[in-house]
Amino acid sequence: MDQFVQPIQSSGQSKPAGGKQIGASSASTHIGQINRDFKEKSVAETAKNLKMSYVNIGMIPINPDFLTLIPKEDAANAFLIPFFRIGKKVRIAIAHPTNPNTIAIIRRLKDQGFQININLASEEGIIEAMSAYESGQYTPDEKEVENIVDESQIEAYEKEIEGLQQLKDRLSGVTAEEALNLINVGAMKTGASDIHYQPEETHVTVRFRIDGVLQEIFRLDRKTYEYLSNQLKYQCKMKLNVANEAQDGRFYFNYNKRKIDVRASALPTEYGETFVLRLLDSGKKVLDFEKMGFYGRNLELAKAATGISNGMILVTGPTGSGKTTTLYAMLKYFNKPENKVITLEDPIEYHIENVAQSQINEKRGYTFASGLKAILRQDPDIVMIGEIRDLETAETAAQAALTGHVLLSTLHTNSAVETIPRLLNIGLKPYMIAPSIHTIVAQRLVRVLCPSCKKQEAVSASEKDEIMNNIFALQGVAAGMQLNAPEFLWKEVGCAKCSHTGYSGQSVISEIFTFDDEIKDLILGEKSSHEIFEAARRKGMITLKEDGILKVIQGVTTLSEVYRVVG
């Protein structure tokens, strides 16, 4: 019968004493299980010493619904997983009790009103349990608070602020998530553009920027702020355990069925992290130039710029001066069926029909520079990029303007003419600047007098001198402009409708000039900013201050407001 005996193939198998064959993989699995059992016993002993509960989490089936409490990435970073829940009672398995990420997540859940039962588990067990996140039954919790507000019933922001000041006393009775939502909604009801959380030695000041001016809302104790700031960082997807370096993040909330995007910045300070939140209402309507405050010569130039077939239009000014709003107003004119319009923004502030809008993601390498190169491969006619920050973006933008595209963007400079040395400082060459740029707009926002309470007063001697000096200058640069010194000026008073500030809303003041052959020759000849400014003045450019004075004469704003904005 020997002919029926087949030789044993050497295929990783062995024949131990006793004649029983065991595959190498089976042996490895057997050893791995022994090590795993030893590990679980060790963790159980550690839990006993720490007087904690122990769970072999890898052996417990987990309902995917429980996982909506903690995002997968956060759970993985913290070696933490929820495995049982009844109402607000939650059992959690953790591997490292002192892990800062673990501590931060547990604190956040407690802030949200959950009662937490903590159980020690092995790293290996938690890694096995994490597979529940891959279950087809697991879907992240997308429940959102609607925040429906009857805007017709919103009172003057002074009254709204009084209501928010009372909120301070309620914060201890609501979760951190609910408290932040109430503050966000309060900011929307007051018309705020920004929320500032500023820690001091003994307290934290919360302020809203309303019509360009910061208003103190209330003060928080430092313990309450700790809960709020942890929740804020969680919502913004910032690192919860990092407090000594600057971080950026974003989130959104719903307000009257509109999506409000929030761009957040955290900065370490002497007394803790300070946060600034920029509120971006995607439901806002894009304004016309007239409604923004452009008029006269500047209105004509702004509209004329939207008729070009190629070239660059730059809008300059500091943060909060309405640059992006002006770009969107221009896009309204360019957005025609025959034009392909693409934007690259950070973030998308308004949503426009028939415009392809793309948002940069610097963490993934999608920057203004790389995004602009990608956009130009999409055969666009009109391109808007949120900001020119570096040489690579500036060179690509200039090249696009020179090859038949209209390119709109912003830059941070104090005046229209200062845009040219700014681009030179970035590294853009004069031979690129001169032929590529068509129009530069510099602008600021001034507060508008409240129509319900403003009053006329006789012009003082100093006010008359100031206005006359500007009138003479205006008549010298703007042909045909006939102005007389006013005998009366409108002044701010203050009433319930404007929250006793005397102002309601904002208006643009601007200076605009376009590039002609003379301006281009001055740039190519590397002439000074002063020489370029004088050339622009000869062609009728009105300065920011002069445009502000015109609005003072018209009763739109006050001299003090113009001084506040332009100096």
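1. Secondary structure: in this predicted model, the protein chain carries 19 helices and 21 strands. Of its 567 residues, 47% count as buried, and the chain exposes about 28,400 Å², of which carbon and sulfur atoms supply 49%.

2. Contact pattern: when the contacts in the protein chain with a separation of 6 or more are considered, 66% of them are accounted for by residues 24 or more positions apart.

3. Largest core: the largest nonpolar core has 39 residues, and those with the most contacts inside it are Met-312, Ile-385, Ile-388, Phe-513 and Phe-515. Helix 12, which spans residues 391-402, gives the most to this core, contributing five residues. Apart from this core lies another, of 33 residues, which includes Leu-67, Phe-83, Ile-116 and Ala-129.

4. Surroundings of Ile-388: leaving aside residues up to four places away in sequence, Ile-388 touches Met-312 and Leu-314, then Thr-393, Ala-394 and Ala-397, and also Ser-409, Thr-410, Leu-411 and Ile-426. Of these partners, Met-312 is also listed among the residues with the most contacts inside the largest nonpolar core.

5. Four-stranded sheet: four strands form an open sheet in the order 3-6-5-4, and the pairing is mixed. Its edge strands are strand 3 (53-54) and strand 4 (80-86), each of which pairs on one side only. Strand 3 pairs with strand 6 (residues 115-120) in the parallel sense over two bridges, and here Tyr-54 stands opposite Leu-120 in strand 6.

6. Six-stranded sheet: a further open sheet is formed by six strands in the order 9-8-7-12-11-10, with antiparallel pairing. Strand 9 (213-220) and strand 10 (247-255) stand at the edges with a single partner strand each, so one side of each is left without a neighbour in the sheet. From one strand to the next, the twist averages 20°.

Terms used. Residues numbered from 1 in each chain as written. Predicted model: local features only at pLDDT ≥ 70, side-chain atom pairs only at ≥ 80, totals over all residues. Heavy atoms only, no water. Core = buried A, V, L, I, M, F, W, Y, C linked by side-chain atoms within 4.5 Å. Buried < 20%, exposed > 50% of the residue type's maximum accessible area, 1.4 Å probe, protein only. Contact = heavy atoms within 4.5 Å. Areas by Shrake-Rupley, 256 points an atom, 1.4 Å probe, with all protein chains shown as cover. Pairing = 2+ DSSP bridges. Axes fitted to C-alpha atoms, helices over the stretch in contact; angles between N-to-C directions.
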